[in-house]
Amino acid sequence: ARSTIFSLRLDAKRVFSTTTTMAAAWASVVVVLAVLRHSASGLVGRPPAFSQHGRGSRRTPAARSRCVVSMHDYDYDVAIVGCGVGGHGAALHARAMGLKTAIFTAGDAGGTCVNRGCVPSKALLAAAGRVREMSDEAHLASMGISLPGGATYDREGVAAHAKQLVSKVRGGLEGSLDRLGVEVIPQLAAYGGEHTLVTKEGDTYTAQDIILAPGSVPFVPPGVEVDGSTVYTSDEALDLEHVPEYVAIIGSGIIGLEFADVYTALGSEVTFIEALDTLMPAFDREIARVADRLLLQSRGIDYRTGVFAAKVAPGVRDERPVVIQTIDAKTKEPVETLEVDACLVATGRVANTKSLNLEEHGITLARGVVPVDERMRVLTAKEDGEVVPHLYCIGDANGIQMLAHTASAQGISAIENICGREHVVDHESIPGACFTHPEVASVGLDEDKAKARAADEGFELGKAVSHFRANSKALAEGEGDGIVKLLFNKETEQILGAHIIGLHAADLITEIANAKQAGTSIRDLAFTVHTHPTLSEVVDGAFKEAVGMNAH
């Protein structure tokens, strides 16, 4: 070390001995002063704050991974409002890019996904799935297994499993922020104009760029009175405070279907109330027909379609029923009155943007949704709006695609754009899943939309279907129900969409989604090799079917 210092001193003398290198020396002094300034602010060893001007060096991958930026006097390079999956993903990528980062959590680290959505619901589904499987005597008998007395469950134990998982995942998320040097501010922040955030407590913070990631909240239709006990949204349902004997679920989307799966496994009777003429409107129609047979008919679930729950009056648990008055969705004429023990309102979610004060700064929201361009930059209006400088919005609040992993992808994309590397998320290649038993998953276009695109663009639509009943692993599990459906352009052999219902569909869809995003042709995919015997061979069967090869 001493010899190195001595050598550096000699080098320094040589540098200062010439006029031509004096400018470089002064530039070094400026950098040292900048580091000292940021060290004094408590960021010893961390990168100083910079703006996004300039692109990263293209000399090496390592150099490109950091933002090459200029000095500024704001508190942070990036400030993020909201700490759900989207905000967390943006914060992690910002630190990876060397940006001084703050995240405003409003005391809700993890957001909807971790605390009131993806994570606890999967814990309930996992427990309920075990109960369902162990209660299926015929299924167990086919494997030579019997369970005298049948399966039982402890409601409080199931609920505790969900709560413990939430605590563990949230702790990991908070730990990652601390470990990577993200400043966590547990306050609710609102937009205060360019480069500025103002908290509910009146504190002001500044940042070169601001990312809004406030998430969403459950939508409750007019006429529905929520008491949190007998009439409730998914927020309260995840606490599993009781298992109703008879529950009505308003809405047959992903949230409604997953809770129907939990409730029927635990012994509840379920009725769906759907405003549209068909159930499961988010599903491809062919998949919806299979889901109707596997998820509804086999479990005795009945439903009403084409009706609104015009008025829902809460009851008193074990004393007075919930009263639901339905009307025809088209004529608005009364249809019937239902009396149930509980009612789950699963009518979707809306952007959580009321507290952001965006409209006070000239940003027009459409039903609370923040307008953005393809680079996640906030616009003053959805139609012909101008870009608001240094302001981005990701996740549910921009209304593009309400999925946790989409929010994370958008957060990473926003940081890339902040760093000067233009990036656009391919939303059509992002998969989605419904974690029922069996699972349902999809990516890209459904068959109706694929047909419409083929007609508009003048190409022939291809379709291939493979079946779980031909898969050794699925048969070994006694889970031969389900299909993989692949839609593609016959001329270019590019994937347009894929839909799966069957065992572990949510895992299987990822291969197709990644191939679609990468632009891999189905012919190339047909020659890839899949482990035998695995469920992935059902996907392989669809690839081979698409190009006229035989998988069986």
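I began with the rule: a salt bridge is a side-chain nitrogen of Lys or Arg within 4 Å of a carboxyl oxygen of Asp or Glu. I noted that this is a predicted model, where local features need pLDDT of at least 70 and side-chain atom pairs count only at pLDDT 80 or more, while totals for chains, interfaces and linings use all residues. Residues are numbered from 1 along each chain as its sequence is written, and side-chain values use heavy atoms, with hydrogens and water left out.

**Neighbours.** I looked up Arg155 and Glu156 and found their side chains in a salt bridge, at 3.6 Å from N to O. For burial I used relative accessible area: buried is under 20%, exposed over 50% and partly exposed in between (1.4 Å probe, protein chains only). Arg155 is partly exposed because its value is 25%; Glu156, at 55%, is exposed.

**Within a helix.** Next came Lys544 and Asp540, bridged at 2.8 Å, N to O. Both sit in helix α17 (residues 536-546), four residues apart, about one turn of the helix. Helices here are DSSP runs (H or I, at least four residues), numbered from the N terminus. Lys544 is buried at 13%, and Asp540 is buried at 11%.

**Across the chain.** I then checked Asp261 and Arg132, whose side chains form a salt bridge at 3.8 Å, N to O. This pair links distant parts of the chain, 129 residues apart: Asp261 is in helix α10 (residues 254-265) and Arg132 in helix α6 (residues 118-135). With 1% relative accessibility, Asp261 is buried.

**Whole structure.** How many salt bridges does a search of the whole structure find? I got 24. I also noted a network of salt bridges linking Asp284, Glu286, Glu447, Lys451, Lys463 and Lys485.

Technical notes:
Helix = DSSP H or I, 4+ residues; strand = E, 2+ residues; numbered from the N terminus.
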